[in-house]
Amino acid sequence: MKRSHLINGVSGRRRFLQLAAASSAASIGDFGFLARLPRVSAEEAARVVAVRLDPSIEPLVRLLEDTPQDRLLEEVGYRVRNGSAGYREVLAALQLAGVRNIQPRPVGFKFHAVLVVNSAHLASLSSPDRDRWLPIFWALDHFKNSQQRDVEQGDWTMGGVEENAVPPVHRAVPAYQEAMDRWDEAGADAATASLVRGVGAQQVFDLLARYGARDFRDIGHKIIYVANAWRTLQTIGWEHAEPILRSISYALLMHEGNNPADRDAEVDRPWRLHVAKAAAIPKEWQAGRRDAAAAASFLGMLRQCSWEEAGDETVRLLTAGIGPESVWDALFSASGELLMRRPGILSLHAVTSMNALHYAYRQSYQEDTRKMLLLQAAAFLPFFRQDPAALADQTERIDGLAPWENLPEGSEGLSETLSAITGNRYEAARRVLTWCERGGSEGVEEFIRGARRLLFLKGSNAHDYKFTSAVLEDYAALAPGIRERFLASSVYNLRGSDERDNPLVERIRAAVG
């Protein structure tokens with residue numbers, strides 16, 4: 001990979017951490033430690049050190065970076081118990097340690113240690129007090145796994161900003177757009193720093209959302225990173241934004257082969273075509289009616305159509321007075337059905353990408369950005385579906401789920417439903433549909449609480465957290481009659497009650513007392 005000023009050398013980061021630790025130990029005035037340090041060559045001394053973070057959080061980030069995995073939970077737990085580290089501080093340190101130490105290319109794989117932070121946070125917010133720390137401490141342990149993988153793959157580290165290249169604030173937005181359009185890493189990095197330092201957060205988000213949804217590379221992880229990191233920033237504070245947004249910009253410029261600005265790759269075509277299509281959408285498009293029949297018809301079309309046809313149909317529906325909510329109803333239903341018909345990592349990301357695109361759509365201020373995000377969401381689904389013929393022999397359809405007969409009432413019925421997830425997923429989906437239709441909103445809440453509880457006890461990878469948080473959030477955005485089936489489809493990637501508990505759970509409980 002081409003060297004970037006964002007990247008620090010392998011020994012450069014280690015030498016920085018050694019020097020920083022030694023400097024802290026010598027703060028009382030004993031400089032004898034200098035004789036004990038290894039010699040530093042002129043080449044090493046000239047390297048850019050790792051990016052410096054806000055001084056208030058740097059010590060806790062260092063703790064996460066330097067503590068061995070078999071001691072980290074206990075060390076953080078000790079600080080939580082004695083009051084020297086609170087929830088917000090641990091969350092911020094976790095996000096920043098990942099951003100500084102794990103290369104965001106590809107935007108997935110080991111980088112899930114960063115992508116999952118917001119999902120762990122959402123799970124924590126929804127958990128009972130007894131389990132409040134379980135998702136966050138699981139994410140701490142996951143970070144150490146990813147950090148080790150990054151070391152094995154070259155030991156990437158984010159370096160400091162090239163301050164001489166940072167454009168003035170009045171040039172920050174055009175400079176960022178020009179660099180991103182040219183796929184210029186150095187220019188985008190410098191412009192990102194200027195955006196953070198002088199441009200309003202809402203305008204910055206709209207820019208990131210547009211470029212996060214620009215192309216389908218990394219199966220939706222680019223927009224997932226934008227959405228999840230932005231949400232984490234709302235909790236940990238804008239003072240930590242610069243390294244996080246620099247990491248995002250670097251991730252969004254990941255591509256294969258030659259510069260995409262100089263060629264016509266298929267993953268780039270939807271955005272280019274949608275610029276003209278968005279302009280044709282009528283001004284009153286957001287005031288359209290919610291229409292279940294239109295959503296069902298679009299769902300049927302999404303089983304076979306191309307990405308270009310999906311965009312055209314979205315424009316046609318909006319022009320005909322169908323509201324964007326019905327388009328989203330169809331898109332979420334299609335993603336859930338795809339998971340039913342072809343369970344696995346690709347279909348899972350169809351669901352989590354719709355979650356991220358929908359979040360960005362709701363958070364965006366500019367109307368044009370919202371149009372583009374909706375059109376891109378429609379175009380992404382055929383990319384996830386790939387060849388329709390590969391699904392031709394599979395009969396599972398989300399709108400064809402039939403209720404499960406003789407599901408017991410009360411806690412017995414819920415217990416049976418959660419247990420069935422471990423076995424036959426199609427039958428489990430029918431049980432969930434029955435449970436939700438029978439119990440109404442109260443029954444749905446009972447199922448969601450049960451699913452989250454199983455996530456805490458049995459979740460073992462980042463996709464468990466990302467998927468569960470996305471599905472349980474998106475349920476509320478869908479129309480009645482559609483939302484219950486979407487939730488039922490989630491059992492194809494939820495944890496069942498008959499699976500073994502994650503042994504890390506007891507270690508976490510011991511660590512936080």
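The structure described here is a predicted model. Its chain is built from helices, 24 of them, with zero strands. Along the principal axes, the C-alpha trace covers about 75 × 55 × 35 Å. The radius of gyration of the chain is 24 Å, and this agrees with a compact globule, because a globule of 513 residues would have a value near 24 Å.

Of the contacts between residues at least 6 apart in sequence, 81% join residues at least 24 apart. Buried residues account for 58% of the 513 residues. The chain exposes about 20,600 Å², and 51% of that area is supplied by carbon and sulfur atoms. As for charge, there are 61 positive and 66 negative side chains, and the centres of these two sets lie 3 Å apart.

Not counting residues up to four places away in sequence, Leu64 touches Leu72, Val76, Ala93, Leu94, Ala97, Leu140, Phe143, Lys144 and Gln147.

Two further residues are worth a visit, beginning with a lysine. Lys222 belongs to helix α12, which spans residues 221-236. With a relative accessible area of 1%, Lys222 falls under the 20% cut-off and therefore counts as buried. Once neighbours within four places in sequence are set aside, the contacts of Lys222 are Val107, Trp183, Gly212, Asp215, Arg217, Ala251, Leu252 and Met254.

The other residue is a proline. Pro104 sits in the loop between α5 (87-101) and α6 (112-115). This residue is buried too, and its relative accessible area is 0%. Leaving out neighbours within four places in sequence, Pro104 is in contact with Phe111, Trp156, Ser247, Tyr250 and Ala251. For a sense of distance, Pro104 and Glu178 are 74 residues apart in sequence, and their C-alpha atoms are 22 Å apart in space.

Key: Residues numbered from 1 in each chain as written. Predicted model: local features only at pLDDT ≥ 70, side-chain atom pairs only at ≥ 80, totals over all residues. Heavy atoms only, no water. Helix = DSSP H or I, 4+ residues; strand = E, 2+ residues; numbered from the N terminus. Rg over C-alpha atoms; globule rule 2.2 N^0.38 Å. Buried < 20%, exposed > 50% of the residue type's maximum accessible area, 1.4 Å probe, protein only. Contact = heavy atoms within 4.5 Å. Areas by Shrake-Rupley, 256 points an atom, 1.4 Å probe, with all protein chains shown as cover. Lys, Arg positive; Asp, Glu negative; His and termini not counted. Charge placed at Lys NZ, Arg CZ, Asp CG, Glu CD.
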